[in-house]
Amino acid sequence: MGDIILEMKSITKEFPGVKALDNVNLVVERGEIHALIGENGAGKSTLMNVLSGIYPAGTYDGEIYYDGELCQFKTLKDSEAKGIVIIHQELALIPLLTIGENMFLGNEKKNRFGSIDWDQTYNEAEKHMKQVGLHESAQTLIKDIGTGKQQLVEIAKAFSKNVKLLILDEPTSSLNDEDAKMLLDLLIEFKKDGLTSIIITHKLNEIIYCADKATILRDGSTIETLVKGIDDFSEDRIIRGMVGRAMDDRYPEREHNVSSEVGLEVKNWTVHHPLYPEKIVDDNISFKVHKGEVVGFSGLQGAGRTELAMSIFGRSYGTDISGEIYLEGKKIDLKTPEQAIHNKIAYVTEDRKTNGLILGESIRFNTTLARLDKVCSNGVIDSTAEKKAAEEMTEEMGTKTPSIEQMIGNLSGGNQQKALLGKWMFAEPNVLILDEPTRGIDVGAKYDIYCLINQMVDNGKSVIMISSEMPELIGMCDRIYIMNEGELCGEVEAKNTTQEEIMGYIMSTAN
Ligand SMILES: Nc1ncnc2c1ncn2[C@@H]1O[C@H](COP(=O)(O)OP(=O)(O)OP(=O)(O)O)[C@@H](O)[C@H]1O
Ligand SMILES: [Mg+2]
């Protein structure tokens with residue numbers, strides 16, 4: 001064994017009704033990139049929260065040795081003082097503050113009079129930003145940079161704290177491929193300077209690309225640690241460790257019985273930016289989805305796909321919207337999301353934190369939210385019907401939870417996503433719009449979600465799928481529309497296309 005920087009021994013952590021970690025062991029060597037992997041709810045985030053003192057010593061069993069020393073962190077600050085910095089699954093930056101302000105939030109640079117020293121704040125910030133390849137001004141507001149750069153700000157912030165062990169919890173889940181690769185390359189670069197990283201990701205190709213070792217958790221237990229160059233370090237092998245069996249197919253078989261009847265048609269749809277009305281976000285887009293068809297939308301970030309979906313879904317985005325929507329051949333005007341839901345259109349949002357779920361409420365409460373009428377009699381919620389609905393959807397989605405009374409905010413990231421899907425499945429839509437439906441979802445659960453999608457189209461429904469994962473679109477769709485910079489720039493049959501062809505359409509219209 002080389003030089004061990006971290007050893008977590010027999011860590012056990014319980015929440016009411018849930019044993020999240022059961023005697024977990026983790027050994028990390030100095031200067032390596034160590035992947036932590038496992039299905040949704042396996043305990044990855046919990047283990048890292050134990051390590052960083054978010055769950056203080058005393059609230060878990062087991063021991064943590066860091067740099068050879070037994071550590072009993074009481075707070076996040078204690079672990080940071082040792083150079084352990086965690087970047088969470090959901091970014092914690094404040095949009096209306098500058099990059100520099102965010103970097104030193106709670107850790108402000110003060111001058112000798114006790115007030116904030118802005119020169120020092122911004123100079124220091126820019127020094128660390130350069131380390132991660134960010135060349136903006138530190139006075140730029142967070143909201144004005146993309147998620148890829150925001151993730152880099154988090155890393156720059158870690159450097160400002162003198163990081164030695166960097167923990168990244170799903171850092172690439174909302175990044176496009178290009179930004180994700182840039183981030184992984186940075187980690188590889190930092191490794192040369194001796195930085196140790198622990199990375200959690202559901203994108204297995206990323207593990208193969210950057211990790212030296214991978215520790216697999218399943219149901220709160222350590223299964224094994226695979227070492228690159230010694231063990232089989234392939235995606236198939238990792239999946240076997242995660243789910244306990246081999247998975248021959250990533251995408252379930254489907255009949256592809258596309259009807260000639262059109263479920264949804266959109267004509268000449270144009271949407272302007274809500275804050276800058278002169279800016280066109282979606283420019284004269286026309287498309288249709290047949291009954292029994294899965295139609296994909298591919299494109300880079302900023303292509304206008306989410307804006308298209310949201311504006312169709314009862315004008316929940318945009319201003320000065322023009323164009324026509326036909327539902328089963330009948331022209332309709334959807335002014336609000338309620339009208340869209342009433343017309344049996346559902347939109348599963350890409351950002352479940354702000355748009356999809358009420359985190360402080362239970363699964364039971366959230367499941368029926370879009371269709372209270374289904375569980376109401378005489379305007380009063382029938383609690384038996386409400387419970388039954390939540391039980392059924394939890395079962396069908398395979399959401400891992402001790403009960404339907406569990407608060408959504410206490411579910412693991414992937415299980416929140418399943419609860420969100422359950423909510424919309426309960427609404428029994430005829431047209432289902434899915435925006436990044438498998439973000440942060442493990443391979444096994446992805447398969448389950450794909451099966452649900454297939455079941456819907458087999459029942460004659462229409463499904464629209466927006467995804468940044470091209471293999472997912474190619475594996476699941478009948479047809480794929482390609483968008484770039486607010487315009488439709490191509491349309492392909494999924495079974496005859498390749499990632500290269502789709503990228504080709506995007507690049508040929510990029511300017
Ligand atoms: N604060 C909490 N209260 C109750 N249960 C919790 C809490 N935090 C986590 N859990 C439960 O502990 C288990 C492990 O959750 P954790 O968030 O560590 O999973 P994960 O491996 O990070 O999953 P994902 O890939 O979905 O993010 C889950 O069953 C989760 O519901
Ligand atoms: Mg997690």
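In this predicted model, 20 residues surround ligand 1, and the closest are G41, K44, T46, H202 and G414. Ligand 1 sits in the second largest pocket. Of the elements, helix 1 gives the most, with three residues.

| Residue | Part of the residue | Distance to an oxygen atom of ligand 1 |
|---|---|---|
| N410 | backbone N or O atom | 3.3 Å |
| S412 | side-chain N or O atom | 2.8 Å |
| G413 | polar backbone atom | 3.4 Å |

On its own, ligand 1 has 650 Å² of accessible area, and the protein covers 91% of this. The contact with S412 is made through its side chain, whereas N410 contributes a backbone atom, as does G413.

**Strand 13**

Which way do the residues of strand 13 point? V294, G296 and S298 point one way, while V295 and F297 point the other way. Residues on both sides are buried. Strand 13 covers residues 294-298, and because five of its five residues are buried, the strand is largely enclosed by the rest of the structure.

With strand 20 (residues 462-466), strand 13 runs parallel, and four bridges join the two. Within this pairing, V294 stands opposite V463 of strand 20. The pairing with strand 21 (residues 479-484) is also in the parallel sense and extends over four bridges. Here V295 has R479 of strand 21 as its bridge partner.

**V375**

Where does V375 lie? Its position is in the loop between helix 12 (363-367) and strand 17 (376-377). Ten residues separate V375 from A385 in sequence, and their C-alpha atoms are 5.5 Å apart in space.

Notes
Residues numbered from 1 in each chain as written. Chains lettered and ligands numbered in written order. Predicted model: local features only at pLDDT ≥ 70, side-chain atom pairs only at ≥ 80, totals over all residues. Heavy atoms only, no water. Buried < 20%, exposed > 50% of the residue type's maximum accessible area, 1.4 Å probe, protein only. Pairing = 2+ DSSP bridges. Near = heavy atom within 4 Å. Polar contact = N/O pair within 3.5 Å; in protein donor to acceptor, adjacent residues only side chain to side chain. Areas by Shrake-Rupley, 256 points an atom, 1.4 Å probe, with all protein chains shown as cover. 1 Å grid on protein atoms, 1.4 Å probe; cavity = no way out; pocket = protein on both sides within 12 Å on 5 of 7 lines; lining within 4 Å. Sits in = over half its atoms within 2 Å of the grid points.
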